[in-house]
Amino acid sequence: MSITPGPTNLITDVPGLLVGNASDDHIKTGATVLLGEVPFTAGVHVMGGAPGSRETDLLAPDKTVTEVDALVLSGGSASGLDAASGVADALRAAGRGFAVGDQRVPIVPAAIIFDLLNGGDKNWPENPYKRLGMEALAQAGTMFDIGTAGAGVGATTATLKGGLGSASVMLPSGHVVGALVVVNALGSATVGEGPHFWAAPFEMGGEFGGLGPAPGYPDTLIPRTKLSQHANTTIGIVATDAILSKAQCTRMATAAHDGLARALVPSHTPMDGDLIFAAATGARSVENPLADTLALGHAAAICMARAIARAVHAATPAIGDTLPCWSSLSR
């Protein structure tokens with residue numbers, strides 16, 4: 001099956017989706033919003049042992065609400081969930097949301113990373129995340145920064161700065177699949193002390209350095225982690241323009257975790273809150289339900305692995321960093 005990146009290699013190659021970022025460099029944190037031009041179907045799958053989330057229960061296939069207005073990824077641990085409140089307030093003011101009588105209730109599921117030990121000033125007098133959510137929504141568009149941007153500003157891995165990543169593919173069926181991810185993993189996206197990415201077999205067009213697979217791999221079963229910091233979690237979104245049910249979205253999110261495991265070692269640990277949302281805009285029909293949904297899940301996993309590597313590859317240095325960037329490694 002031949003697949004190629006979309007025009008921008010971002011999740012917004014899926015028509016009808018917009019992404020906005022906002023950050024506070026003093027705190028070293030931020031928020032990222034995925035907005036649908038119209039409500040979209042969504043699902044979620046959690047494989048980490050320490051998740052932090054909002055409104056994920058309503059994404060289960062048996063729950064009443066069938067569509068959401070936006071998805072939010074944020075720093076700040078539990079405090080960061082307030083970013084979704086800012087997004088919901090702004091959407092309600094714009095007349096968006098689930099109709100209940102004459103009221104509108106925006107549906108904005110969210111997930112957070114723990115970025116409270118990354119060198120930023122966390123002694124804020126007032127929770128900043130509602131503001132950051134509103135600011136991110138206001139910036140929503142088809143083009144956005146990756147690396148040290150949005151919810152990835154304060155992200156780290158075991159060995160390097162993490163960040164915000166994205167990638168996309170165009171399938172032979174005509175469907176588009178994209179991924180958006182905040183890499184704040186307990187483990188590492190690179191092999192040992194070198195610059196080679198675990199996700200190298202899935203790279204397209206030198207998008208994260210073009211170094212190929214590592215010349216050798218560690219012979220230890222115990223990889224480096226940041227376990228002592230308890231400062232982890234990789235959260236993301238995979239999206240497509242296909243018509244999918246909530247159950248099919250959930251299956252797509254589940255498949256996308258394969259990409260997370262291919263790109264981060266270790267992954268899905270007891271101290272990670274690894275969570276992936278899936279979004280389907282419903283713009284393109286699925287002609288062959290079995291073959292096409294298989295291809296969508298496979299593409300979602302590939303996009304997720306590439307997006308993770310792109311996040312770390314694109315990270316840039318900032319004052320007060322506790323870890324180096326990938327760009328500082330010798331090659």
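Visitor: What share of the contacts in the chain with a separation of 6 or more comes from residues 24 or more positions apart?
Guide: Happy to start there, and please keep in mind that this is a predicted model. Among contacts with a separation of 6 or more, those between residues 24 or more positions apart account for 80%.

Visitor: What radius of gyration does the chain have, and why does it agree or disagree with a compact globule?
Guide: The C-alpha atoms fill a box of roughly 60 × 55 × 35 Å along the principal axes. For 331 residues, a compact globule would have a radius of gyration near 20 Å, so the chain agrees with that, at 18 Å.

Visitor: How many helices and strands are there, and what percentage of the residues is buried?
Guide: The secondary structure comes to four helices and 11 strands. Of the 331 residues in the chain, the buried ones make up 56%.

Visitor: Let's turn to helix H3. How far apart are its end C-alpha atoms, and why does that agree or disagree with its number of residues?
Guide: Helix H3 covers residues 246-263, which is 18 residues. At 1.5 Å a residue the helix should span 26 Å, so the expectation agrees with the separation of its end C-alpha atoms, 26 Å.

Visitor: Which elements do the buried residues of H3 pack against?
Guide: The buried residues of H3 include Cys249, Met252, His257 and Leu260. Together, the buried residues of this helix pack against strands S2, S9, S10 and S11 and helix H4.

Visitor: Is Ser77 buried or exposed?
Guide: Ser77 lies in the loop between strand S4 and helix H1. Leaving out residues up to four places away in sequence, Ser77 touches Ile112, Ile113, Phe114, Asp115 and Leu116. Its relative accessibility is 19%, and the cut-off is under 20%, so Ser77 counts as buried.

Visitor: How far apart in space are Gly119 and Asp321, C-alpha to C-alpha?
Guide: Gly119 is found in the loop between strand S7 and helix H2. Beyond its neighbours within four places in sequence, Gly119 is in contact with Lys28, Gly320 and Thr322. Gly119 and Asp321 are 202 residues apart in sequence, while their C-alpha atoms are separated by 6.0 Å.

Visitor: Which residues make the nonpolar surface patch of about 240 Å²?
Guide: One of them is Phe98, which lies in strand S5, residues 98-100. Phe98 has 39% relative accessibility, so this residue counts as partly exposed. The patch is made by Phe98, Val100 and Val105.

Key. Residues are numbered from 1 along each chain as its sequence is written. This is a predicted model: local features need pLDDT of at least 70, side-chain atom pairs count only at pLDDT 80 or more; totals for chains, interfaces and linings use all residues. Side-chain values use heavy atoms; hydrogens and water are left out. Patches are made of residues with over 30% relative accessible area and no salt bridge: like charges are joined within 9 Å, nonpolar side chains (Val, Leu, Ile, Met, Phe, Trp, Tyr) within 5 Å. Accessible areas come from the Shrake-Rupley method with a 1.4 Å probe; for residues, only the protein chains shown count as cover. A salt bridge is a side-chain nitrogen of Lys or Arg within 4 Å of a carboxyl oxygen of Asp or Glu. Helices (H or I, at least four residues) and strands (E, at least two) are DSSP runs, numbered from the N terminus. Buried means under 20% relative accessible area, exposed over 50%, partly exposed in between (1.4 Å probe, protein chains only). The radius of gyration is taken over C-alpha atoms; the globule rule is 2.2 Å times the number of residues to the power 0.38. Contact means heavy atoms within 4.5 Å. The expected span of a helix is 1.5 Å times one less than its number of residues.
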